[in-house]
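These are my notebook entries on a structure I went through today. I looked up the cores first, then the salt bridges, then a surface patch.

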Amino acid sequence: MKLNQLAFRNIFRRKRRTFITAFSVAFGVMLSVTFTGTGDYTYTNMIDSGAKMGMGHVTIEPQEYQNKPTLDKRLHHIDEILQQTRTLDAVASAVPRIVGQAMFASANKSIGGAFIAINPALEHANNNLFIKSLVKGKIFTANSKRGIVVGNKLAKNLRLKLGKKLVYTTTGVDGEIISHIARVTGVFHTGVDAIDGNMVLMPLKSTQRALGYTTDEVSLIAILIHDQRKANLARDMIRILPSVQNYTVLSWHESLPDLAGMIAMDKSINYISQLLVGLLIAAGIFNTMLMGVLERRHEFGMMMAVGLSPNTLFRLVMVECFWLALLGLIFGIIITAPWYYFLYHYGIDLSTSMSNDFTYGGVLIDPLFKARLFPESVVFILGSVFTLAMLAGAYPAWKAGRTPPIESLKTI
């Protein structure tokens, strides 16, 4: 108790130096929150967007589909798979989809692109990015035979409007060329030219009939989970389900390797940046504590001359370091809270400084600079800053305990 009182008084003997050091710790906390918070938000946003654009956080697909995604590879008995998958607590939704390539033609032009056949009774704005991005018309019904939803750039290039005919040509399950007519019921606009100019949505039932699939066959099942950080755990839980033993189950790390690689590299750079910030904080505390120890050599010598042990002196300086780090963390929380509130709720719009293509690896990127901290990130930031501060004080504390009493008294 006496050490705490003595240490608390000591750090305020040089108020200006103490507050400057505390605010350097606080500024480091704010930088760490910014780096980590924007990373947590951006990665989650990109992963969720990629999942809602086709493959889900976890994908159930035929074997070798990942290497060669052709329409002759398909899942069977999907009702049983969906029923078993939806019983898992981690699963938010599980939807069947057929994904393929096709040629789209209007009376004016033809363009190659891709289609996703969906069941509109199971898909909505929360699990399908294209439905969320509808700007004209509406999604087709589940029993629609000719409904189709197209990207706005594809509609512009083919001179399509709502209700106009579109002919799509692709290969059926037996490899034969098939061609069908659809009518545009809606137009979506994601803001990504590569997607808006090539992608269409089609009704699952009519696509199954057109391709020669039975009603319980699809290309894949896209599974969205409540928390993207638990994708690997969800994948492992789904893999043991009896109905998927003959199929491949992949997490987004495996189905979207470009995105996973980019996030891993960006995280590494983020960690290095935060390490440098941490070293700056540690250097500030080290300098403050060492200066304090050197200025008080005669004081420490006197204390040791009257019987204070080196261990007690070491603990005294470490307790001073503890209070200094704690003061810095409190200041850090105070100055970071309004900044984090702004980033969390509003963010900074970077769209004017970016190109029109807000994608990476085919995944939509939010141009808003926003922040979101996971609970473990908060613990990591506060724990790392506090640990670095304490480590920075270890050498000055050891130096104080090694003060020779007689030599120190000569400096008085």
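I took a nonpolar core to be a set of buried Ala, Val, Leu, Ile, Met, Phe, Trp, Tyr and Cys residues joined through side-chain atoms within 4.5 Å, where buried means under 20% relative accessible area, exposed means over 50%, and partly exposed lies in between (1.4 Å probe, protein chains only). I kept in mind that this is a predicted model, in which local features need pLDDT of at least 70 and side-chain atom pairs count only at pLDDT 80 or more, while totals for chains, interfaces and linings use all residues. Residues are numbered from 1 along each chain as its sequence is written, and side-chain values use heavy atoms, with hydrogens and water left out.

**Entry 1: the cores**

I looked up the largest nonpolar core and found 55 residues in it, of which I60, I98, F115, V150, I221 and I223 touch the most other members. Its largest share, five residues, comes from strand β2 (residues 91-105); strands (E, at least two residues) and helices (H or I, at least four) are DSSP runs numbered from the N terminus. Apart from this core I noted another of 30 residues, including F300, L316, L324 and A389. As background, I wrote down that nonpolar side chains tend to be buried together in soluble globular proteins.

I then listed the contacts of I98 (heavy atoms within 4.5 Å). Leaving aside neighbours within four places in sequence, I98 is in contact with residues that include L71, F115, I116 and A117, and also L204, L211, E217 and V218.

**Entry 2: the salt bridges**

I counted a salt bridge where a side-chain nitrogen of Lys or Arg is within 4 Å of a carboxyl oxygen of Asp or Glu, and the search of the whole structure gave nine.

One of them joins the side chains of E295 and R17 at 2.8 Å, N to O. E295 lies in helix α10 (residues 257-295) and R17 in helix α2 (residues 15-55), so the pair ties together parts that are 278 residues apart in sequence. E295 is partly exposed at 33% relative accessibility, and R17 is also partly exposed, at 23%.

The side chains of E217 and R74 meet in another, at 3.1 Å, N to O. This pair links distant parts of the chain, 143 residues apart, with E217 in the loop between α7 (204-211) and β9 (220-225) and R74 in the loop between β1 (58-61) and α3 (78-85). E217 is buried at 8%, whereas R74 is partly exposed at 23%.

D227 forms a salt bridge with R229, with the closest N and O atoms 2.7 Å apart.

**Entry 3: N10**

Is N10 buried or exposed? N10, which is found in helix α1 (residues 2-11), counts as buried at 11% relative accessibility. Not counting residues up to four places away in sequence, N10 touches R296, L316 and E320.

**Entry 4: a surface patch**

Finally I noted that Y341, F342, Y346, I348 and L350 form a nonpolar patch on the surface, with about 470 Å² of accessible area together. Patches are made of residues with over 30% relative accessible area and no salt bridge, like charges being joined within 9 Å and nonpolar side chains (Val, Leu, Ile, Met, Phe, Trp, Tyr) within 5 Å; accessible areas come from the Shrake-Rupley method with a 1.4 Å probe, and for residues only the protein chains shown count as cover. F342 lies in helix α12 (residues 310-345) and is partly exposed, with a relative accessible area of 33%.
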